[in-house]
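I begin with a term that comes up throughout.

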Amino acid sequence: MAKKTQEIIEIRPIDLQKVTIHVEGDTPLIMHKWSEKARKQMIGIQTGTDKGKKKEAKNPFKDFVDSAYFFDDPRKFPEAAAAAEEALNAEDYDEFYAACAKGARFGFPTTGFKQAAISAAYRMGWAKDKMSLRGAFFIEADCGDLVEIKSDIPVMREDSVKIGMGTADLRYRPEFRNWSCDLVVSYNKNGAYSLENIINIINAGGCICGVGEWRVERDGQNGRFHVY
């Protein structure tokens with residue numbers, strides 16, 4: 001009778017390391033944060049309390065400001081809020097510029113960068129499934145769930161979108177040009193993926209997926225980036 005052989009498996013301890021990765025945008029980043037107004041409308045529709053209400057007139061500049069992820073509490077910059085409430089078009093950016101000049105900063109959800117990396121790795125065949133990558137590395141937020149975005153002062157863009165049943169609508173959102181950010185990545189040094197692997201995965205995410213609206217993964221050309 002053949003003797004059973006024993007296999008010894010070495011389980012190495014988790015060794016969490018942190019590294020800062022600088023990311024440079026290759027194409028503009030378009031943000032589209034859910035506004036408080038949109039959230040209330042969704043709740044109203046789901047609860048049936050929004051039926052029969054007259055639709056409010058569109059305020060393009062307010063939609064533009066509300067779609068940005070303010071890195072700091074936007075109440076610190078009343079100029080931005082005043083611009084959104086008072087302006088009915090984008091002809092005058094003075095108050096919004098004043099807020100930016102006083103130090104208003106903007107961010108973007110860290111999950112956007114991680115999901116881009118995971119999706120890219122899966123598409124490239126570097127991982128058998130997306131689940132195996134979710135715990136391989138983490139991108140830490142600078143504030144809340146955001147990483148700070150450094151860029152030129154955002155400009156308002158107008159896009160035509162389909163909202164179902166062939167109906168078109170216009171969306172007004174901020175476009176960030178010449179943008180960059182620093183991603184603080186934590187990973188297990190003794191894990192299945194080396195730091196070089198993780199950097200290559202994040203870089204691939206910027207190339208073939210992107211972040212934000214109209215990104216590559218959503219039939220656009222925006223939100224592309226590379227690890228610098």
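1. A word on burial before anything else: a residue is called buried under 20% relative accessible area, exposed over 50%, and partly exposed in between, with a 1.4 Å probe and protein chains only. Please keep in mind that this is a predicted model, in which local features need pLDDT of at least 70, side-chain atom pairs count only at pLDDT 80 or more, and totals for chains, interfaces and linings use all residues. Residues are numbered from 1 along each chain as its sequence is written, and side-chain values use heavy atoms, with hydrogens and water left out.

2. The overall picture: the protein has 7 helices and 9 strands, taken as DSSP runs numbered from the N terminus (helices H or I, at least four residues; strands E, at least two). Of its 228 residues, 39% are buried. Taking a contact as heavy atoms within 4.5 Å, residues 24 or more positions apart supply 72% of the contacts with a separation of 6 or more.

3. Strands count as paired if DSSP finds at least two bridges between them. S2 (residues 29–30) is joined to S7 (residues 168–176) by 2 bridges: leucine 29 faces phenylalanine 176, and isoleucine 30 faces glutamate 175. S6 (residues 155–162) pairs with S7 over 8 bridges, and there aspartate 159 stands opposite arginine 171.

4. The salt bridges deserve a careful look. The structure holds 11 of them, each defined as a side-chain nitrogen of Lys or Arg within 4 Å of a carboxyl oxygen of Asp or Glu. Arginine 173 and glutamate 213 meet in one, at 3.3 Å from N to O. Arginine 173 is in strand S7 and glutamate 213 in the loop between helix H7 (195–208) and strand S9 (225–227), so this pair ties together parts 40 residues apart in sequence. Arginine 173 is buried at 3% relative accessible area, while glutamate 213 is partly exposed at 28%.

5. Which residue forms a salt bridge with arginine 177? The partner is glutamate 175, with the closest N and O atoms 2.6 Å apart. Arginine 177 is partly exposed at 42% relative accessibility, whereas glutamate 175 is buried at 8%. Salt bridges with shared partners join Arg157, Asp159, Arg173, Glu175, Arg177 and Glu213 into one network. Another salt bridge links arginine 215 to glutamate 217, with the closest N and O atoms 3.8 Å apart; both of these residues are buried.

6. Strand S5 (residues 146–149) is covered on both faces: Leu146 and Glu148 are buried on one side, and Val147 and Ile149 on the other. S5 pairs with strand S3 (residues 106–109) in the antiparallel sense over 4 bridges, where proline 109 has leucine 146 as its bridge partner. Threonine 110 is in helix H5 and is buried at 9% relative accessibility. Leaving aside residues up to four places away in sequence, threonine 110 touches Ile139, Glu140, Ala141, Asp145, Leu146 and Val147.

7. Helix H4 (residues 94–101) has Phe96, Ala99 and Cys100 as its buried residues. They cover an arc of only 100 degrees around the axis, which puts them on the same side of H4; the arc is that of the directions from the helix axis to the C-beta atoms. Asp94 and Ala101, on the other side, are exposed. After H4 comes glycine 103, with a positive phi near 110 degrees.

8. A last pair of details concerns two loops. Lysine 76 lies between helix H2 (60–66) and helix H3 (78–86) and is exposed at 55% relative accessibility. Tryptophan 126 lies in the loop between helix H5 (110–123) and helix H6 (131–134) and is partly exposed at 41%.
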